[in-house]
Structure formats: C-alpha cells, structure tokens
Amino acid sequence: MVIKAENIVKKYKELNALDHFNMEVKEGEILGLLGPNGCGKTTAINCILSLLKFDEGDIQIFGQKMTPTSYNIKKQIGLVPQEVAVFENLTVEENIDYFCGLYIEDKNIRREYVKEVIDFVGLTEYKKFYPKKLSGGLKRRLNIACGISHKPKLIFLDEPTVAVDAQSRNFILEGIKRLNKEGSTIIYTTHYLEEAEMLCDRIIIMDRGKSLVTGTVEELKSITSTREKIIAGFENPEEDISDKIKSIPHVLDVGKAHGEYIINFENGTNNLSNLLDFIKDNDLTYTKLYSQLPSLNDVFLELTGKELRE
Amino acid sequence: MKNILRNSIYLGKNMFRDMSFTFWGLMYPIILAGFFYIAFSGIINMEIKTINVGIGRENQAYPILENVEILNVMEIHENDAEKSLKSGKIDGYIKNDLTLVVDGSGLNQTVIKGILDQIIQIIALNEPMQNLDFEVNYLSAKTQEANPMLVIFYSLIAMVSTYGVFPGIETAVTSQANLTDIGARINTTPIKKSTLLISGVIDGLLINIFSNILLLLFLRFVLKMDLFTNIWYSGIFILLGNLFGVSLGIFVGSSNKKSPGVKVMFSIATTLFLSFLSGMMSPNIKVSIDKNVPILGKINPISIITNSLYKINLLGNTRNLSQGMILLAVYSLVLMAVSYLFLGRSQYDSI
Ligand SMILES: Nc1ncnc2c1ncn2[C@@H]1O[C@H](COP(=O)(O)OP(=O)(O)OP(=O)(O)O)[C@@H](O)[C@H]1O
Ligand SMILES: [Mg+2]
C-alpha cells in the first residue's frame, strides 16, 4: 500500500472539510478523487502531505507515518498543486531546475531530467520565458513540470486541467498516462467525470468531506440500481405519457428533459423490445431512441441526490 | 552548505529581478536623493551665514572660538547675555562654566552646541589645545561639511539601509505554506526550512548592501557630496541597518496573514515615518525631537543610524557609539527570535 489514510477529520471552525475520510492507494495505479467544488479534495491532499494539521485520523505513506519532517518520504513525492505555484522572476527552465534540485543533487542527472521534462510537457520553445509571458495552459504545463521533473514514485495532481483548452487537456492526460506507465503511482483529483472515467484505474467519489464509495469504474456503475437507460423522443402525443411508460415491466423511473423521456430500467434484458412493443401498442412515432449504460453521474446522483455537472 | 548556496542563487535571482525591487531597492533611493539634492541644494551650497556667539573675555574657550572661521565671537558680559539673545544680536551665549545659553532652537544653535561639546571634551581630557582637530574634520574644509542639512542625507542612507525589509518579507512568505502557494509547494519538498531561511537572509543582506552601495556611489560621484570622513565606522552602522531591516522583514512577513502587498506597504510606511522622525524631511524635526522627547531619538533605529553617521562624519566623534550598535543588534536578535516562533510551526491549521 502506497498511501493509507484512515478516518481523517479536518475541521475549519464549524465546517467539517474532511469527515472521516478514507483512502488507500495501491502501488502503480492511477487513483481518482472525484467530487464537486468544495468537497475536500485539496484538503485531503494537504493533510496527506502534512501541510495541514488534522483533528483525527492516521496517515501512512510507504508504510511510514507522515510528518512535516519526513524528508525521506518527501523525496519520493511530487506535487502538482491546484494553483500555479512557480517563481515569477525565474524562467521556465530555472523554475524547473530549482524544484528538481530540491530532490536531485547530481548536476548531470539534473540537467538530463530538466531537459526531459521540458520536452515531456512541450515547453521546449518556451524555456527562456518568464511565467507571466506564458498563456494559462502553458503555465499549467510549467506547474506540472515543476512537480514531476525528479521522477517521483508518487505523484499528486490537483485538478491540473482546470481552465485548460481541449488540446492542452488531452496533452496533459496523455502525459499522466505515460508517467504511470513509467512506474509512478498517481493520485488525480478532478470534478470532470469523463476525465476520471478515461484516466483512472480506481475512483473515490467524495462529497462534503466524505469518501462515499471506492472502486473501478465498472464496480461503481454496478452499485446503481439502474442497469440500463433508454432515451426516447416522440412526435406525438403532446400530453405527458410518463405514467403510461411506468407500466412497462422493470421501469424504475421516468424523467423528462428537453421534450425527451429518460427511462431507467432496473435490469438489462428485453427492455428495448418491451419499449418498442409499448410504442406500437400506443400508436406512437419515435424521433429518437437510444440506450445508454449508466454513467458515473448516475452513480453520483444516486449517492448524493445531486448531479455532478458544472 | 551546497543547498544553501543553490537556494541563495535561485531565490536571489528571483528577488533581484523583481520589478518592485528594481523600484524600491534601486530607483527610489536615488530618486529621493536627487529630489532632496534639488530641493535643498540652495541651502547646502550656501555659505553658512555667520553665527554670532557671545562670550566673556576671561572665558577659557574664548581663544579657541576666535579661531573658528564661521563663528563671529562677540565679547559680551554675562549680565548682558540675556538682552543680546532676546534682541537676536547673538545666537548663543557661552557662560564661563562652558554651558550654552540659547533663546530658541535652530541650526545655528546646533552648530554652536556641537563645537562647544568638542571643546569641553578636549578640555576635560586635558589635551593640549593644538590637538584640537575639529577644524580639520568639521569646519575648515568646506562649508558643506558643516551643514546640518546633511542630516537629511544621513537619514536617507539610514532609511535605505533598512530596506532589507523587502527581501526579508519575501523570504518569510515563500517559506510558509499558509502564506503563499509557492510556500505550500516548497513545504512539500524535502528542503529544510532552516536552509530556506538562511539563504533568504544571505540574499536579503547582499541585495540590499548592493543597493546601498549604488546609492552611496550616486551621492559621491553624481551629486559630488562628501558625506563620509570615517567610512569604517559608518559602514558598521549601515551593515547593522541592513541586519535590522532583514530581521524586521522576516518578522513582518511571518507574524501575520496579510497579503505580501500589504506587508510591503506597511514596511514602506513604517520606515518612512521613522526616517521622518530622524530628520529626513527637515532637520528641524530632529532638533525638536532631540529637545522634547530625547528618548525617541535614542530608540528609533533609523535615528540611531542617522545620529551616528552624523556624529561620526560631521562631528568627527567616534566615542559612545557602542550603545547604538548594541541596541540595533538587540532589535535584530529579538525580531529574529520572535519570527522563529512563527516560522517554526511546520504544520498549519489553515492554508
Ligand atoms: N483555509 C480555510 N479556511 C476555512 N475553510 C476552508 C479553508 N480552506 C478550505 N476551506 C473549506 O473546506 C472545504 C473543502 O475545500 P477544498 O479546497 O478541499 O475543496 P476542493 O474539493 O479542493 O474544491 P475545488 O474543486 O474547488 O478545488 C470547502 O468548503 C472550503 O470552503
Ligand atoms: Mg481543490
């Protein structure tokens, strides 16, 4: 086990930023911390890294208790903080070399690593630039480079793709996968479902300081009682037919959005043909009809009663 | 050791290239010096108008005073002294017991007092009168040197010697996870906080001493002012000013959660106010404070430096400097010690 955090409680006055938060990270995996703004993702990372005092609980990294002076543990960790944190008056290259040098003493190795990471994040053309001359996305890449240049065994990335365009975002996500292939264990926080789904081996869903569930994407989806979701739009009739639809076998519930019906079924056999029969029997003409597997959003909705969408 | 050096180089580069350092550290002192020079140049370059001193013929200081160029010695009996002072015929009267009587305070009175103090010292030490060298280092050379207006420039030098306060603030906030994002980041790396702080103090001192040297060169070679007759003693006070400034900066930086911008403004205002009290805007303020609340001049760090520079270079007096030196050193140590309490907390309640 790379990280073991048990029952962490962190209070800010009345607010419980972390409320018996639990997290286990296995070697070599990409673990996603998924949850809405303010759910405590950053707080969790700061507690694990011993930046923040917490009220209860226990944290171990690499099997040892983590403290502010655990320099040997810190040597093997890389952090990419949520806010860009670099020196404004050092160039891209100097910034990376400074942070790399806090871990790697050998000058030659360091030169190599710095060059490698600059290529890795695609800042070669910009290495003599000062951060204020970089665009937001490029600044984020620099922020990432400063956290990973020393090839740490364990990397924390706190929402590295926020406010980044699609191209930069894909670039960053691909990079993270590569880091993981090269042997780093990764903790990745995000409030984007798609990112978590495509990137992470396992996901912890968080809300209000609690870790609600943990598992692979498939495991999480299997928690929901919804097994299949069919979305249908009809030409006729004008009136609401939700109640009629509910009479179809195995229908859990029916929702309506943008004039379309969202029909959740509790298990996955013959649902579509049952629905087609219903359409025929009622002389309906459909304009749209497709089936969807449940998403993480459904999981989140079911756990918290609210959607995880911006 | 290697770590300290590496950190000093990078943190130093970061501070040195900062726009606010370029302004507050390099340009502002020179702009102020230029401004003061223009504003007061009329006064500085003016021949000191003759100072009238009344004294009795039998007074032992009479023959000495007679030889002082800028003094116009008038033979007046002690009984008539008051009348002459009131009418403004003389600026001061020296009684037979070598006490000075004045009516009002001003620059002329300050000059007389300065000269008289020296005479008393020499008489007390029982040195032969020929050893009286104050004419050399005080009066005979150029009128400029004798001009108390130079207090303004000593005060300016004193103020900027404390400008290590800015790199001090920078050092404190970059090392604290709860003060800046970069501080938080650095606290997750394996660097020791002591390494970070020592590097910052070294940087602060080097950068500010560099900026002080620049100002002194500007005063000497551009404005052509001869401010220093004893560069060694002066240097000690300027260095102590630097130490005090950096310590104050680390204290201001570490003791509260205000933003770095607020901390910098607070420091500028504080040093400016202390300099104002020590006579940077007008020497009359200093004269008036020395007269009414003398303790203020003795404890205000910028006054200590200003007064000492004035004494060392203008009055050629290097005695009794240790009290000021000790006080500045004590201030610095206390500020550092208190800051250490704030900086020592390595885990934070809130970030
Ligand atoms: N210094 C602080 N003082 C008081 N409350 C705080 C402080 N820092 C964070 N909080 C609160 O703690 C909770 C968790 O914050 P945290 O930053 O961990 O959320 P997050 O999941 O990282 O959110 P985001 O996705 O917006 O980054 C929030 O309600 C926040 O308002
Ligand atoms: Mg966050």
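Predicted model: local features only at pLDDT ≥ 70, side-chain atom pairs only at ≥ 80, totals over all residues.
Which residues come nearest to ligand 1? Ligand 1 has 14 residues around it, and the nearest are A:Thr42, A:Thr43, A:Gln82, A:Glu159 and B:Ser350. Ligand 1 sits between chains A and B.

Now the polar atoms. A:Thr42 has a polar side-chain atom 2.6 Å from an oxygen atom of ligand 1. For A:Glu159, a polar side-chain atom also lies 2.6 Å from a ligand 1 oxygen. In the side chain of A:Gln82, an N or O atom is 2.7 Å from an oxygen atom of ligand 1. Alone, ligand 1 exposes 640 Å², and the protein buries 68% of that.

What makes up the shell? Five residues are nonpolar, seven polar and two charged. Strand 2 (15–25) and helix 1 (41–48) of chain A each supply at least two of the shell residues. Helix 1 of chain A gives the most, with three.

Next, the two chains. The contact takes 30 residues from chain B and 37 from chain A. Together they bury about 3,100 Å², with carbon and sulfur atoms giving 54% of that area. On the chain B side, B:Arg185, B:Pro190 and B:Gln347 supply 25% of the area buried against chain A, more than any other three residues.

How many salt bridges cross this interface of chain B and chain A? Four, by the rule. In a salt bridge between B:Arg6 and A:Asp97, the side chains meet at 3.7 Å, N to O. The two chains also share 17 residue pairs in polar contact. Helix 1 of chain B gives the most to the side touching chain A: eight residues. By class, that side has eleven nonpolar, ten polar and nine charged residues.

Technical notes: Residues numbered from 1 in each chain as written. Chains lettered and ligands numbered in written order. Heavy atoms only, no water. Contact = heavy atoms within 4.5 Å. Buried area = accessible area lost by both parts, 1.4 Å probe. Polar contact = N/O pair within 3.5 Å; in protein donor to acceptor, adjacent residues only side chain to side chain. Helix = DSSP H or I, 4+ residues; strand = E, 2+ residues; numbered from the N terminus. Nonpolar A, V, L, I, M, F, W, Y, C, P; charged D, E, K, R; others polar. Near = heavy atom within 4 Å. Areas by Shrake-Rupley, 256 points an atom, 1.4 Å probe, with all protein chains shown as cover.
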